[in-house]
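Me: I want to learn how to read aromatic rings in a protein model. Can you take me through one?

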Amino acid sequence: MELSWLKVSCLLCVFGFLRELRPSEPYHAEILLGEWYNVTQDQVNRQVYPIGTYSYLALLIVVFLVTDFLRYKPLIIANALTGIVIWSVLIWTTTLLGLQVVEVFYGFYQATEVAYYSYIYAKVDKKYYPRVTSHTRAAMFVGKLVAGLSAQLLISLDWMNYKQLLYISASSQILALFWAFGLPRVERSLYFHNKLDATTAEHVVSTVGPMQLLWSHFRSAYTNPMVLQWSLWYAIGLAGYLQVTTYMQVVWKSFENEPTIVWNGGVDAALTALAALFALLAGYLHAGRLKSRTSLLSLAVLSILEGGCVLLASWTTNIYLSYLGYVLFGALYGFTITVASAELASSLIEDSFALIFGINTLVALVLQTLLTLVVVSETGGLNLTTFEQFTVYAFYFIVIGTVYFIAVIAESVLNRSNGPKTQEIEIEEAKSG
């Protein structure tokens, strides 16, 4: 059994590494705004990137259900196929319409990532969940780190131009596709193919329909105040992070003192490494060492600091300080999202992990879409400049952190003031009983 779960985990991790090996990603804005495409910076900001957000939102919930119904592996294969389409079209197209089509596919590419994360839960025993979760996330971190470092090296040494990086990204997706075909087939999924051995104590689950089981997990989770509290934090934090990381490269293109060597690859690698380190630190500190209220209070403070980092990244006139602010923002986010995920997971029924995190991601995408419509859209929104948009994102984190900080302090004060009264009532009830 030990070899079996570890082998499956390693096979999936190789796919995750290959999937993330996309050196063109740190230079995506540089590529789109280069000589190869007939688009302006404003078009990329308002007419290209938002399409990916809308597509991701529209497809996520459908993809989640289809993933479970088809038992994961077909969607992992579809993910790699979509990656090939995306980076192949980027190589060949030159028009605004072509880039918008790419963003639609990119939304599907992001949505089908849920198959990568949930596949492992259907293949291994529950006791291995923490270890295989860390393995799959670490594989993606390593892939992104290698991609960022290799991209920076290739650009700095002038071995490739920005667009040629697309060929490496497309090739890694082809390798990921071949590897995906070799993944073990899933016999049982969480909802639509949840057939358990009748000799086990859990055989009653097999008599429950998939939609009833979905509703049962949903109701059990979101009637729990702790799950609601941490789900809200998870969704709010993820929405802000996605918005900042999506548009940060456009900010750097707006700097007047853009360096001769663009350090996007190195910055992306540094962010990935620090985020991974902070995530490990969060896991170590959180493992039975922090109470829920202390966790929430620390996250509130860190959220305010994240807002400060976004301000540094967007308000400075020095691009290197902007790089620093962005890297620190990513590191702090790696810490906060790990704590939020751990707190959330500790309050959930194990089989509902994928469903609840999927729904929370959906809520995050709704929030991100609202941010895009209000802040970025030129038709129905505020039509802000790039730097004004990032000022909004910064205060988004600052305000959320401040509200949570005040709420936690107020709750703590109320609990202390009500504590003696509650104890007196309990004593009186005990006496009368």
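**Rings and their partners**

Reply: Start with a charge. Lys163 lies over the face of Tyr37, 5.6 Å from the ring centre. A charge counts as over a ring if NZ of Lys or CZ of Arg is within 6 Å of the ring centre and within 35 degrees of the ring normal.

Me: Which ring does the charged end of Arg19 sit over?

Reply: That of Tyr109, at 4.2 Å from its centre.

Me: What should I know about the model itself?

Reply: The model is predicted: local features need pLDDT of at least 70, side-chain atom pairs count only at pLDDT 80 or more, and totals for chains, interfaces and linings use all residues. Residues are numbered from 1 along each chain as its sequence is written, and side-chain values use heavy atoms, leaving out hydrogens and water.

Me: How is a pair of aromatic rings described?

Reply: By the distance of the centres and the angle of the planes. Rings of Phe, Tyr and Trp (its six-membered ring) pair if their centres lie within 6.5 Å; planes under 30 degrees apart count as stacked, over 60 as edge-to-face and the rest as tilted. This structure holds 19 aromatic pairs. One of them, Phe15 with Tyr116, is tilted: 6.1 Å centre to centre, with 35° between the planes.

Me: Is Phe15 buried or exposed?

Reply: Phe15 is buried, at a relative accessible area of 1%. Tyr116 is buried too, also at 1%. Buried means under 20% relative accessible area, exposed over 50%, partly exposed in between (1.4 Å probe, protein chains only).

Me: What kind of pair do Phe329 and Phe397 form?

Reply: An edge-to-face pair: 5.4 Å centre to centre, 75° between the planes. Both Phe329 and Phe397 are buried.
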